[in-house]
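User: Please examine the structure below and answer a few questions about its side chains and overall make-up.

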Amino acid sequence: MGHRRRAGLMLASVLVGPRLASAQPAPEGVIDVAPVATAPLVPAPAEAPVPAPSAASAAAAGTAPISPPTPAPPSALEPAPAALRPAPRLRPVLTDRGWQLDLTGYFQADLIAYNQLSVDEVAPDNPGQPLNQERFVIPRARIRAVAHDDRDGLFGLVELDGNTRSGAAIARLIGAQVGWTSAPGPRPDAGDQGFAITASAGLMTIPFGVEVPRDLRDNPFLEHPAVSRALFPGDYDLGALLQGRYGYARWSLAVMNGAPIADQQWQGKDPLSSYDFVGRLGADVPMPYALRLEAGVSALTGKSLHAGVPPTKDSFEWVDENLNGIIDPGELEIVRGSPGEPSQTYTHDALGLDARLRWIAGRLGAGEAFFEGALATNLDRGLVFADPVAASRDLRQLGYQAGVVQSLGAHALLGVRYDRYDADRDATDRQGARLAAVHKIFSTWAVMASARWGDAKLIFEYDRNRNPFGRGDDGQPATRSADQFAIRGQVGF
């Protein structure tokens, strides 16, 4: 009997011992990561969905606390819900201080199959710049690291971007924030109508309208419309942001440098000690029949700088009129110096309006109709740089976009968008002895079809572009065609 009892105890220790050992907590200060060398890296079973990201992580990514009041069924229109995404191979990286590190990113590869302006030639004013546009290009390759503590709502993020638009570029910093959110963890009691507030500072998207702060990873079309690229080139600027929600209301207010990272003149370097104030006040309202209305008003005001010209001294110039290589009388000309011109400041401002109506069309899935417009003064920093000091008058801009997007089941999407941008509503051109009004209008009809599976998608888009900087056979200003057909492949993690 004693031998049997000892054998039974030995067998129990063999079977239960490993489980008790694996259940012991990790030593303090050790990062708790799933074993790599001793266990195969396989996805979790489908019946074990990945939890939705916390509010702190979403706030760091620039998407919280604004969230849809009613969840829509999965479709190709929006990113797949967290519960439908593949389970991670490793558990979230947690430290002994309770911080979690989330690593995400995406990669886009484009084939410009047709471009009406493409020429096998180089630019006459820049021999190193080819005019060919029909090529393969990497518009974005981005990676983002977000660290957050769900106990007290603190978070920080770093985002890097690389591309080949102008040759292979080294990854550059386009996002870096630190912040705090009042809803650090899941709050099912408050829901989407509860109060939440998020404060952050650093390099972030400009909170004007809906299109500018939207991540291009989730944009159904290839690029932003012309009005967004002109007024807010690069989408990112340095500053401090306060955003929140209460009930159906959504609001954001930011104090920023006023020099976006792709500013034509300053390239993200702030030339003034003053700041831009920019914000949006909107609402997100659920409606009957699975409809949802999102609308808002945005505003911006601030200053920019007209760069002055330094003074010059008197000098002389030799013009060898007889080409004999000798300075003959009358071939030296005096070039008078100039007193220079001091730099001057000027104001710029903008007012925007946006509205989106979302719906669920039975088995087809989600769809939306949208409109967004902006009226601005002296704010073009991307397409036709607005300098009222050089022009001796204010330069007024007007732009808008409108379109419809509809998913076809869970893996396909169709859409059409029209955008129009007038870079100078008061432009004139001399025609003979008189001045005639000339509108510098960029316009595009974009037709898009895409297929999606998980975090990978394939987009086909034809753009019917019209460019205002052309001349007709008579030499007069004319709008020229600049159509393009492109195919984009995108994958993310």
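**Aromatic rings and charges**

User: Which residues do ring pairs link into a cluster?

Analyst: Rings of Phe, Tyr and Trp (its six-membered ring) pair if their centres lie within 6.5 Å. Such ring pairs join four residues into a cluster: Phe 371, Tyr 400, Tyr 418 and Trp 445. This is a predicted model with residues numbered from 1 along each chain as its sequence is written, and side-chain values use heavy atoms, without hydrogens and water. Local features need pLDDT of at least 70 and side-chain atom pairs pLDDT 80 or more, while totals for chains, interfaces and linings use all residues.

User: Are the rings of Tyr 421 and Phe 442 stacked or edge-to-face?

Analyst: The whole structure holds six aromatic pairs. For Tyr 421 and Phe 442, the ring centres are 6.3 Å apart and the planes meet at 25°. Planes under 30 degrees apart count as stacked, over 60 as edge-to-face and the rest as tilted, so the pair of Tyr 421 and Phe 442 is stacked.

User: Is Glu 368 buried or exposed, and what is its relative accessible area?

Analyst: Glu 368 lies in strand S16 (residues 366–377), a strand being a DSSP run of E of at least two residues, numbered from the N terminus. Buried means under 20% relative accessible area, exposed over 50%, partly exposed in between (1.4 Å probe, protein chains only). Glu 368 is therefore buried, its relative accessible area being 2%.

User: How far from the centre of the ring of Phe 221 is the charged end of Arg 417?

Analyst: A charge sits over a ring if NZ of Lys or CZ of Arg is within 6 Å of the ring centre and within 35 degrees of the ring normal. The charged end of Arg 417 sits over the Phe 221 ring, and its distance from the centre is 4.7 Å.

Key. Helices (H or I, at least four residues) and strands (E, at least two) are DSSP runs, numbered from the N terminus.
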